[in-house]
Amino acid sequence: MGALPFLARAATLGERRFLFVFCDGGWDPTYALAPLFGHPYAEMDGGGEVATLGGLSWVDGPDRPAVSDFFRAQAARSALVHGLEVRSVAHERCRRILMTGSAGEGVDDWGAVLGAKAAVERVMPHLVVAGPAFSSRYAASVVRAGRGEQLPQLLGGWSRLDSDLTVRGPSAGAAAAVEAALARRLERQLEQADAQSAAVARGALDALERAAVLEQRAGELDFGAGEDFDDQWATAVECLRTDLCRCAMVRFAGLYNLTFDTHAANTLQASHFELLFQSLGRLANTLDSTAGPDGLALSESTTLVVISEMGRFPMLNEQGGKHHWAFTSALLWGSGVRGGTVVGGYDDTMQSAPTDLTTGEVSAAGEPLTAAHLGATLLALGDVDPGEVGSTPPLSALLDL
Amino acid sequence: MSQALWLLGAGCAIALEPAPTPTWAPGAFEAAARAVVERGLPDPWTLRALYLDALSAGDAACPGSDDDLAPPEVSLSGCTSSSGWTYAGVSTFEETGTPEEPDFRMLNADFSITGPSGEALRAGGSFGFRGGGQGTTRWWEAEVMGSWGTPGVGGWLDPGGGVMLYARLTGDQAQLDGALDHPDTPLYTPGLELGACANGGADGELRLRSPGGVWASATLDCGCGFLEEVGQELGEVCVDLGPLWGALAGEGGW
Amino acid sequence: MVIAPLVWWACAQEPTPEPGPTPLDAPRLLRRASLDLRGVLPSTEELEQVRADPAALDGLVEGYLDDPRLEERVVAWLHERWHTRVDGFSAAWYDYGLDARDEVEFERAVGEEPLRLAAAVVVEDLPWTEVVQADWTQANTLLLEIWPLEVLDTGEGWRRARWTDARPAAGVLVSNGLWWRYPTDLFNLNRGRASAVSRLLLCQDLLAGPVRASDPLTLLEGGAEAAIREDPGCQGCHSVIEPLASALFGFHWVDEYAVEEMTRYHPEREPLGALLLGVEPAFYGEPTADLAAVGAAVAASEGFEACAVQTFAEALWRRPTGTSDADTLHTLRGQFRAGGLRVRALLRSIVSGAEYRAGVVQEGEALSRRLLSPELLQSAVEELTGFVWTAQGVELLDEDERGFRTLAGGVDGEEVLRPQSEPGLTWALALRRLAEGAGEHLARRGFEQGEGPLAGLGGARPGDAAFDAAQEELIWRLWGRAPSAEDLAEDQALWEEVQVLDGEQAAWAALVSLWLRDLDAVTR
């Protein structure tokens, strides 16, 4: 096998990174992000009051002080997007739409696109530590860590793998010889009869090279993420720090993994948001105190994208819960984000209020916000042409490029 | 396809089958209804007693709670008490009433409790009862939902049945609605009124399902009404729901 | 229905000529068909037969369609659309008092129940409509123990069985496995299941369109139920969803985690749909007395027939179909209909088509190289080498809690809904470990136990007749082509390098692992 191009190409200055936090189940923005007190339909069953710092307003409510702790510390680097339409009320479909802008199956999520379109090729362009991922065209850019310890097990070889039939695994020398022979063979097969065959050969060769790099660095990494949210983002941060990935996805499932899907007992939202923002506070501090590949704090180059697949119906049901709602909010923090910014809002019917994309303010001359606006914004932050996934323009109001 | 009638739907065409012929006869309906009534209705008091009796055979370590089964006291695979009873699953039981004004509720049940001599109670669902007053002011409301079974007792507690019944009594009248899985003749009623008729008959719609899966209904007026199936009127039926009324209006309440 | 022999012959033997890609050569095409239809590589003899006489291919493929291993392939294909072979349900092994070691067997049994029913319809050459009309299902020993089923035949493995809990005859529409995978709750009220019926069996995704009320105030003031009934923006989809959902209340559970509720059908709850949804059961406007009537209506719908064609075409073409495929799908549909809606006839038509046989593709959507899915890698490698990658009995390429199904490009049915079509990092890693394990196992069998294609090769070196024969036979079987001179030179260099390092057994293990990872081995 020849030189390892990924090591040689590991120059990273200027390229923004992304850490996606997927909050499972569909959160109720009125508990933390959207202070809709006085709204004719929004039932603010979590109580509290509006808190404001700089241009940012949020809900300062009981049982979730971590929300205000986070925003008081991070308002200058945080932006909120309200009224994002996800066009569905089915979890699976909402996830897909929020993360790709489309309801179809053959689509790529923002992480996959950003990973694949990075100026710098990385071993794991988009690392899915946990949580959803949608990929089609850029499937090869998405690396799943597995629900258990699968990725480190595969990297660790037969000393870490299990098999009912005994396998010792090849010696290091034999393994290296096989890898080199296979790489030569794949390089020959690049000269295939048609483009698709060549693409498969190129993909296989590329995967081989990336696997080799990751294998060499496996000892530095702890992929033991599991279900613990802090462990998950620690893994993601480590891979961002070492420039092994450009994007990473982690999943927050709430108290006792109950998720935000509170069809009954909506007050559980308070507990979920409290735990989430406690952890986000630690994550922000970690990104501040961790040097990235360029020597600067990772927070200088990393955008945190905190999302949930849908919102919740404005009013309580008979079980004290709230059903699904096709409009939601999102939190962006960190690199490239114009802090203290609120973009969009909810109209009198709790749908997306027309928004001026350049100011972020609700305006009759503006347009309702959709997941595609969020995606275009993230691509713009990542120096990827938003036209890559459609014609929807970015929310320039929150870009600080 | 014997009937060449096709409807164009959204992207599909449907062939209409010929109208089915009725499967019920009035006498069969009456006999089936009688069998269902004689088997009895699931009642929350019996379930409460079975559940609390079963839990009383536990000890401090298993299931670890006087009225609930829940992790971590009960592991996913269950635990066995010193008296040989095994508890597996989850439950949340609340009782806040008094003998005069009973109020208890099994909020959720998903468990299997097994005694030393065999299975005692398997459950998935909920039940509850609350009531008060006396004489003409007496009232209660109750429900039994889900699947409840214990072998060897017979009647409605035979394992394998399902129930979604809600009932309430005010003074000398009761209402019952919901569904009950009798092994041969599942029953459904959107609302039966009992106690209002001088002859003891019931008002309201009663539906029964044949073993072949066909539903027939009779809308009763003081116990009698016309039997209908697939839009065809099949004759008058009279259904004696006296035992049902007796059970609901009895001293202990349903 | 009996198909006139002349019509059948015409459909099977004279497919409409299609312009298109250059087909694979006969041995590679045989290999593709063998993997697709049997899950294993063709034998050396079969390959030799088509090398000598390419016209022999059709006869061999015809035999593959009769091969009992087709059942496993149908299960795998349908999982890619129905997504029922998931790694967990809301009821688990312990709910039935099973042993923890039975966990995966339990999950697979549940998830495969509807798939096995459909696969039995295919293997037994019944009309595909049986899938939604059968008064039977398929069950293995475990399901027969825990579910209300009576077995209808003898034998082992998956057997024909009948429900004993009064559920209507409606095939997979009354299968526990389908509704465990697509549960509902007291809020959703079977609407998600109705949508699943449409998506899985009619290939119509009712959730693809936007959810948007025409009058938001109807939604806010009357709630979702009012909007669904009254708002034109909601009615577009819900006029289909609600009546179909209303027909599914025999599977309405009071508690969606209670195994007592989930195990049995609840006939007494059938009328609840009309009460809770406010609409009588119907399928696209046609009233349905029960689920058997829904099954009959589904079976009679054109969407069902078209969806079957689309499903099996995508399974064999290994790509989603699109508008450019309309003509081909239309032709296939005609052949499917002429074949009495027998899937084996449809498979025969697909496999004989230019799209399936594509070898070199200069334009169009056809794939010339189709990645082997994890279960196909496993079955092919196992048959060739005897190596099956399991841990504590769990097939690691078929599971995701501890295994590598999605990492190797497979579908978990929850987050990954389509098979991966191009290599990726974890695909490469999983493949590498599988190849290492299989290579080592084959070499051990040959050198330590005197079994298999490497038996008796001790002392043989490249250039020796025995060495060269074993090399040629293995590569021929594995790739369906002869190695090039460059391949052979590379093999020799590798063998000699590892032989010096670790001995000849290790050198053979290395060679086999290399061959297993070759592009011609991992694609078809």
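How many salt bridges are there between chain A and chain C? The count is 17 salt bridges, where a salt bridge is a side-chain nitrogen of Lys or Arg within 4 Å of a carboxyl oxygen of Asp or Glu. The structure is a predicted model, in which local features need pLDDT of at least 70 and side-chain atom pairs count only at pLDDT 80 or more, while totals for chains, interfaces and linings use all residues. Residues are numbered from 1 along each chain as its sequence is written, chains are lettered from A and ligands numbered from 1 in the order in which they are written, and side-chain values use heavy atoms, with hydrogens and water left out.

One of these salt bridges pairs A:R188 with C:E490, whose closest N and O atoms are 3.1 Å apart. The rule also finds 37 residue pairs in polar contact across the interface of chain A and chain C, both residues being at pLDDT 80 or more; a polar contact is a pair of N or O atoms within 3.5 Å, of which, within protein, one must be able to donate a hydrogen and the other to accept it, and residues adjacent in sequence count only if both atoms are side-chain atoms.

On the side of chain A that touches chain C, α3 (91–100), β6 (142–144), α5 (150–156), α6 (172–189) and α7 (195–217) each supply at least two residues, the elements being DSSP runs numbered from the N terminus (helices H or I, at least four residues; strands E, at least two). Helix α6(A) gives the most to this side, with 13 residues.

The contact, meaning heavy atoms within 4.5 Å, takes 83 residues from chain A and 83 residues from chain C. The size of an interface is often given as the accessible area lost when the parts come together. Between chain A and chain C the buried area is about 6,900 Å², of which carbon and sulfur atoms give 55%; this is the accessible area (1.4 Å probe) that the two parts lose on being put together, summed over both. In chain A, the residues that lose the most area to chain C are A:R147, A:L154 and A:R185, together 11% of what that side buries.

The disulfides are a separate topic. In chain B, with the bonded cysteines numbered in sequence order, the pairing is 1-2, 3-4, 5-6.

One of the links joins B:C197 to B:C222, with an S to S distance of 2.0 Å, and is left-handed, with -85 degrees about the S-S bond. B:C197 lies in the loop between β10 (187–194) and β11 (203–209) of chain B and B:C222 in the loop between β12 (215–220) and β13 (224–229), so the pair ties together parts that are 25 residues apart in sequence. B:C197 is buried, with a relative accessible area of 10%, whereas B:C222 is partly exposed at 27% (buried means under 20% relative accessible area, exposed over 50%, partly exposed in between, with a 1.4 Å probe and protein chains only).

A further link joins B:C224 to B:C238, S to S 2.0 Å, and is right-handed, with 110 degrees about the S-S bond. Because B:C224 lies in strand β13 of chain B and B:C238 in strand β14 (residues 232–238), this pair ties together parts that are 14 residues apart in sequence.

In chain C, the sulfur atoms of C:C203 and C:C307 are 2.0 Å apart and form a disulfide.

How values were computed: A disulfide is a pair of cysteine sulfur atoms within 2.5 Å.
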